[in-house]
Amino acid sequence: MTDPMHVCLFDIDGTLIHTGGAGKAALFEALRTGFDIAQPTDQVAIHGRTDRGITRDLFRHHGIADRSEHWERFREEYLRHLPDQMSRRSGAVLPGIVALLERLQSRDDVLLGLLTGNMRAGASLKLKHFELDRYFDFGGFGDEHLDRIDVAREALAAAQNRLQNPVDVDRVWVIGDTPGDVRCGRAIGAKVVAVATGDSTHEQLLATNPDHLAHDFSDVEAVYALWS
Ligand SMILES: [Mg+2]
């Protein structure tokens, strides 16, 4: 009998790419054009959260009822603004990511997936912009879940669905750039790889006690060794 598959669940923002602030700018533009909010608040935390959770808090702050038609309007406006904001800002694929994804994808004992707070269509737009969409065709997303832990559960269920077999949680890996990624990885029993290429510092991530911590993935061999 062959060993079970490794399942590698990647966060997007701050882990695979940075958008140069395009995601946040598109959120704010959606409030402006969809809800006439001239000055969206900077008081709502964004990093490591879900789009649905961020939006609920933005709605609350600005006195917008948290109803499904408002969420749908927000979602449409956000997706309308995101490509424009992406093209106007200098985002980038983060160091070592393409080489790491190429090596992992070439293996028949590794399944690549997403575990992101982005809404599904937003994740797709961001990855296509940087030509990373070819590595991913399933995951957990932030369209419905307020809490990232529920996104992790969705991603794990999607992996089980893909493999048609129960997943060995000892071989599930969550790769992310915030304490929220570490927390949701732990909640599903996964191993966690943290990388300080996003908004959280190396020290902040160290305090969350991940299984592996890197300043970035420019030393591809060092991180790839986790799966060899
Ligand atoms: Mg992130």
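## Basis of the model

The model is predicted; local features need pLDDT of at least 70 and side-chain atom pairs count only at pLDDT 80 or more, while totals for chains, interfaces and linings use all residues. Residues are numbered from 1 along each chain as its sequence is written, and side-chain values use heavy atoms, with hydrogens and water left out.

## The chain as a whole

The chain has nine helices and eight strands; helices (H or I, at least four residues) and strands (E, at least two) are DSSP runs, numbered from the N terminus. The radius of gyration, taken over C-alpha atoms, is 17 Å, close to the 17 Å from the globule rule for 228 residues, so the chain is as compact as a globular protein of that length. That rule is 2.2 Å times the number of residues to the power 0.38. Along its principal axes, the C-alpha trace spans about 60 × 35 × 35 Å.

Of the 228 residues, 51% count as buried, meaning under 20% relative accessible area, with exposed over 50% and partly exposed in between (1.4 Å probe, protein chains only). A contact means heavy atoms within 4.5 Å. Among contacts in the chain with a separation of 6 or more, 67% come from residues 24 or more positions apart.

## Helix α4

Helix α4 covers residues 97-105, and its residues Ile97, Leu100, Leu101 and Leu104 are buried. Seen down the axis of α4, the buried residues fall within an arc of 95°, so they line one face of the helix. The arc is that of the directions from the helix axis to the C-beta atoms. An α-helix has 3.6 residues a turn, so residues three or four places apart point the same way. The cover over the buried residues of α4 includes β1 (6-10), β3 (92-93), β4 and α9 (220-224).

## Glycine 113

Strand β4 (residues 110-115) holds glycine 113. Glycine 113 counts as buried because its relative accessibility is 0%. Apart from neighbours within four places in sequence, glycine 113 is in contact with Cys8, Leu9, Phe10, Phe136 and Phe138. The C-alpha atoms of glycine 113 and glycine 140 are 8.2 Å apart, and the two residues are 27 residues apart along the chain.

## Glutamate 77

Glutamate 77 lies in helix α3 (residues 68-88). With a relative accessible area of 14%, glutamate 77 is buried. Leaving aside neighbours within four places in sequence, glutamate 77 is in contact with Ala30, Thr33 and Gly34.
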